[in-house]
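Please have the sequence and the coordinates open while reading.

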Amino acid sequence: MMELCRILVLYASQTGNAHDVAERIGREALRRHYHPVVLSMNCYHPHQLPNENMVVFVTSTTGQGDPPDTFKGFWKLMLQRSLTNKWLEGVQYGLFGLGDSGYQKYNIVAKKLDRRLLDLGAKHIVPKGLGDDQHPLGYEAALDPWLVSLWLAFREHIPLPSGLSDAETEDTGRNQLDPPKYRILYHPNDCSRLNGASADFHINLRDVWDEHEKACRMVESASGPLPFTLVSGGESYGHVQHQPIFSQVLRNVRLTEEDHEQDVRHIEFDLRGSGVQYSPGDVIGMMPIQNAKAVEDFLKRCDLDPDAFVSVEATGTFFPPTRGNNVNIGEISLVRIRAFVEFVMDVDSASPRRYLFEVMSHFAKAEHEKERLQYFSSPEGRDDLYRYNQRERRTFLEVLQDFPSVQLPLEWLLQLAPRLQPRYFSISSSLKLHPNEAHITVAVVSWNTPYKRKKLGLCSSWLSRLEPKQDVIPIWMTRGTFKQPPASVPLILVGPGTGCAPFRAFVEERVAIAATEPVAPVLVFFGCRKQAKDFLYKDFWVSCTKGNDIMSDKMGGGFVVAFSRDQPHKIYVQHKILEESEKTWRLLSAGGSVFVAGSANKMPEDVASAFKDVVLKEKKCSEDSAALFIKQLERLGRYNVEVWS
């Protein structure tokens with residue numbers, strides 16, 4: 001039997017995008033007669049790297065330059081001082097990063113990994129590629145040409161074995177169907193009571209969550225080997241995603257006026273009896289509940305029996321299968337098909353990847369549908385696919401409904417559906433002022449597509465419908481990117497719109513501390529459209545500016561608002577920062593820390609420019625010196641940014 005050249009594909013993914021890219025590389029490698037091994041970085045020990053010849057790395061950058069959780073242990077071992085500059089001299093590699101240029105530290109994880117690999121003696125087989133979520137076509141705009149270069153470079157180093165024909169340079173898989181990565185095993189209902197599965201499943205919240213966990217872990221287990229424990233510790237604390245608390249909604253009120261176009265909610269959760277602690281800057285995590293009608297429509301469209309019990313295994317396409325052909329039913333967990341649709345697949349929110357259209361073309365029975373699907377999955381059809389899919393935000397369900405002759409088996413549905421992702425919200429309260437409670441501030445997402453179809457954000461619209469004193473949902477706490485400095489440090493907080501959420505927590509914490517000890521002043525810059533429509537938490541902010549309170553002029557603090565639409569010309573927070581340059585500089589000179597939160601569009605860059613102009617004006621220095629001053633603040637942890645797309 002001919003031995004194919006091994007290509008190791010290592011990925012680090014937080015939301016699944018890097019995982020998707022790694023699997024695409026694995027599929028294309030198979031078509032080109034290589035032997036791909038696709039592994040998460042936390043399933044591979046870096047000390048094995050010198051034994052590899054060809055490696056492809058895929059990693060994402062999250063938040064403000066944060067690495068994925070699966071990258072952290074791998075990276076720690078890669079930084080060991082004992083590793084020399086010749087340690088990887090026999091390794092050739094390609095590297096693709098996924099990031100968002102709307103954030104300051106764009107693709108920083110990929111850039112750092114690239115530098116470290118070169119420092120250790122590894123050699124580029126192609127220059128690194130950097131995907132940008134801000135591009136109209138997403139990261140695939142950079143990935144597609146990068147992969148063309150990658151396969152050409154690999155073929156130069158690894159000649160095609162005799163007797164085999166190579167794939168086209170931009171092979172889209174139109175001519176052959178890849179093997180699925182999952183195997184679905186159906187089990188009779190009399191097996192359903194094994195390991196806690198029950199055919200008489202009742203709507204009990206803890207039972208629902210347990211079934212959610214079983215479904216997710218079964219798919220995770222079938223998606224690759226179990227991770228190594230490379231480093232201890234983690235970012236979550238108190239309760240984590242796999243062990244949430246079940247919290248009742250105490251309040252759910254609209255903060256904006258009813259006739260305002262944006263619905264912003266203040267939601268309070270009950271923490272009594274949970275023992276959960278959190279700090280200002282931390283976040284709440286939750287799994288959104290999908291629309292019940294969409295779930296039923298999906299089950300009907302795909303002709304799935306929602307109450308059938310199945311188990312999921314790996315086929316071993318990119319790694320050894322998790323189980324042999326002889327299955328002992330008594331040793332495995334069984335999950336209803338409905339649980340996979342409700343808790344694993346995102347059928348009614350996220351847009352699917354191009355690979356879905358490629359696979360669907362092999363199952364289309366109507367010739368006109370087959371031709372259209374083949375066109376969408378071809379290089380020539382990418383722009384039209386973008387207009388149909390991403391720009392219009394078509395969901396997995398909507399795509400399947402548009403091609404009725406396609407009937408995908410469950411293993412392909414499970415592989416191709418976007419994963420339902422947890423959502424995170426900054427906590428907008430302090431435990432010191434609200435014992436046994438946690439608050440969040442949520443903008444309900446709503447928009448019209450280019451074809452005038454109304455769309456709602458999955459999680460925010462679900463949250464807006466929760467009933468106080470009735471609904472209970474699973475939540476967990478996670479450390480955020482912000483960490484409030486000691487009370488003796490002055491604060492400059494810039495939070496337009498819902499960016500004010502973490503700063504409500506910061507200010508509440510300072511107010512509580514100020515009752516027993518001296519605290520440094522706080523200067524808050526808030527922005528909204530109209531004073532009468534969307535002035536979030538107005539009464540709270542104003543109350544903190546009176547007398548000797550921490551945001552009063554008397555104490556050296558302040559609360560400054562930019563109402564962008566209340567006058568003919570638009571005024572934003574960056575303009576107000578410049579107006580308050582003297583006070584801003586006084587707090588910076590006193591060792592103050594800056595925190596900026598809000599939309600990732602132009603705001604962070606404009607605010608940073610405003611702070612540079614403040615330094616330029618008040619310090620009376622050159623532009624280079626002012627820019628260096630802001631950079632030094634960042635390095636010292638005194639200039640912090642948390643933004644979202």
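The paragraphs that follow take up the sheets and then the helices.

This is a predicted model, in which local features need pLDDT of at least 70 and side-chain atom pairs count only at pLDDT 80 or more, while totals for chains, interfaces and linings use all residues. Residues are numbered from 1 along each chain as its sequence is written, and side-chain values use heavy atoms, with hydrogens and water left out. Helices (DSSP runs of H or I, at least four residues) and strands (DSSP runs of E, at least two) are numbered from the N terminus. Two strands count as paired if DSSP finds at least two bridges between them.

An open sheet of six strands, with antiparallel pairing, runs in the order E13-E10-E17-E8-E9-E14. Strand E13 (423–426) and E14 are the edge strands; each has a single partner strand, so one side of each lacks a neighbour in the sheet. From one strand to the next the twist averages 40 degrees, where angles run from 0 to 180 degrees between N-to-C directions and axes are lines fitted to C-alpha atoms, for helices over the stretch in contact. Helix H5 (residues 205–222) packs on this sheet and touches strand E8 (245–254) and strand E17 (472–478); the direction of H5 makes about 55 degrees with that of E17. Contact here means heavy atoms within 4.5 Å.

Valine 264 stands opposite alanine 443 in E14, and histidine 266 has threonine 441 of E14 as its bridge partner. Strand E14 (residues 437–443) is mostly covered, with five of its seven residues buried. Buried means under 20% relative accessible area, exposed over 50%, and partly exposed in between (1.4 Å probe, protein chains only).

A further open sheet has five strands with parallel pairing, in the order E20-E19-E18-E21-E22. Its edges are strand E20 (558–563) and strand E22 (639–644), each with a single partner strand, so one side of each is left without a neighbour in the sheet. The twist averages 10 degrees from one strand to the next. Strand E18 (residues 491–494) and strand E21 (residues 593–599) run parallel and are joined by four bridges; valine 494 has valine 596 in E21 as its bridge partner.

Among the helices, H8 (residues 354–363) is mostly covered: eight of its ten residues are buried. The cover over those buried residues includes H1, helix H4 (140–157) and helix H9 (367–376). Glutamate 23 lies in helix H1 (residues 17–31) and counts as buried because its relative accessibility is 7%.
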